[in-house]
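Visitor: I would like a close look at the paired charged side chains, and at the packing and surface around them. Please go through it in one piece.

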Amino acid sequence: MLACILALDAADKATLGAVAAQLKPALHIDNVEIGLLVAVTVASSALLTLPFGILVDRFNRRNLLVTGIVLWSLAMIWCGLASSYEMLFGARLALGIVMAIGSPAIASLIGDCFRASERSRIYGYIISGELIGVAIGFLVSGNIAALSWRAPFEVLAVLGLILAYFIARRLPEPRRGGRGRLEPESGKPVQ
């Protein structure tokens, strides 16, 4: 599930590239403005990762992730509904803000769910989700974009809502300080 969070974020960024050729005439924009759409998402996420990291230290991480993914999905819907460059720019800004929750929450959960001897391996699996997401973003979104440049954003929004549901139902909130590691067989935290 943690890998899927990074996969969705990466798929979104790749989707923007996959639909760029359709966005240009639809919104009357050029390559510079496409680049700004990517840059604003990354910049807003970078600026807000530290403040959201502080929230992750103080509140239930699962609930923050679910809230962030639901908001991310709403921002994706906003992207798909955008009728102007300014609307799309605002949606991309919002995407960066909500994705700033993901990285600190994932890092914190890894530390509390897994033994120190296996954290690097687990982190490798989770990071692979990001790479898979890029492939999904280009391949799937590129094909879906044949319908409309809006369709890939809507599909990713639905996937985000499904992921939020599974995280809310299946991801435990472990105790902090590395004391809530998960047992491989049960997936439940050890108390």
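Guide: A residue counts as buried under 20% relative accessible area, as exposed over 50%, and as partly exposed in between (1.4 Å probe, protein chains only). By that rule E118, at 14% relative accessibility, is buried. This is a predicted model, in which local features need pLDDT of at least 70 and side-chain atom pairs count only at pLDDT 80 or more, while totals for chains, interfaces and linings use all residues. Residues are numbered from 1 along each chain as its sequence is written, and side-chain values use heavy atoms, with hydrogens and water left out.

The charged pairs come first. There are 6 salt bridges in the structure, each being a side-chain nitrogen of Lys or Arg within 4 Å of a carboxyl oxygen of Asp or Glu. One of them joins R115 to E118, at 3.8 Å from N to O. R115 is partly exposed, because its relative accessible area is 33%.

R61 takes part in a network of salt bridges with D112 and E173. Its bridge to D112 has an N to O distance of 2.6 Å. D112 sits in helix α6 (residues 102-113) and R61 in helix α4 (residues 61-81), so this bridge joins distant parts of the chain, 51 residues apart; helices are DSSP runs of H or I with at least four residues, strands are runs of E with at least two, and both are numbered from the N terminus. D112 and R61 are both buried, and for R61 the relative accessible area is 0%. The bridge between R61 and E173 spans 2.8 Å, again N to O. E173 belongs to the segment after α8, so its pairing with R61 in α4 ties together parts 112 residues apart in sequence. E173 is partly exposed, with a relative accessible area of 22%.

Next, the packing. Helix α5 covers residues 85-99, has 15 residues and reaches 21 Å from first to last C-alpha, close to the 21 Å expected at 1.5 Å a residue; the expected span is 1.5 Å times one less than the number of residues. Among the buried residues of α5 are Y85, L88, R92, G96 and M99. Their cover includes α4 and α6, the helices that hold R61 and D112. It also includes α1 (2-18), α2 (20-27), α3 and α8.

S45, in helix α3 (residues 31-58), touches G96, M99 and A100, leaving aside residues up to four places away in sequence; a contact means heavy atoms within 4.5 Å. S45 is buried, at a relative accessible area of 16%. L23, in helix α2, is buried at 0%. With the same exclusion of residues up to four places away, L23 touches L16, H28, I29, I34, L37, L88 and W149.

H28, one of the contacts of L23, is in the loop between α2 and α3. It counts as exposed, because its relative accessibility is 71%. Its phi is near 55°, a positive value in a residue other than glycine. Most residues other than glycine have a negative phi.

W149, another contact of L23, belongs to one of the 3 aromatic pairs. Rings of Phe, Tyr and Trp (its six-membered ring) pair if their centres lie within 6.5 Å; planes under 30 degrees apart are stacked, over 60 edge-to-face, and the rest tilted. W149 and F153 have ring centres 6.3 Å apart and planes at 80°, so they are edge-to-face. Both W149 and F153 are buried. Y165 and F166 form an edge-to-face pair too, with 5.6 Å between centres and 80° between planes. Here the residues are partly exposed, Y165 with a relative accessible area of 49% and F166 at 43%.

With M1, V155, V158, L159 and I162 they make a nonpolar patch of about 620 Å². Patches take residues with over 30% relative accessible area and no salt bridge, joining like charges within 9 Å and nonpolar side chains (Val, Leu, Ile, Met, Phe, Trp, Tyr) within 5 Å; areas come from the Shrake-Rupley method with a 1.4 Å probe, and for residues only the protein chains shown count as cover. V155, in helix α8 (residues 151-170), is partly exposed at 34%.
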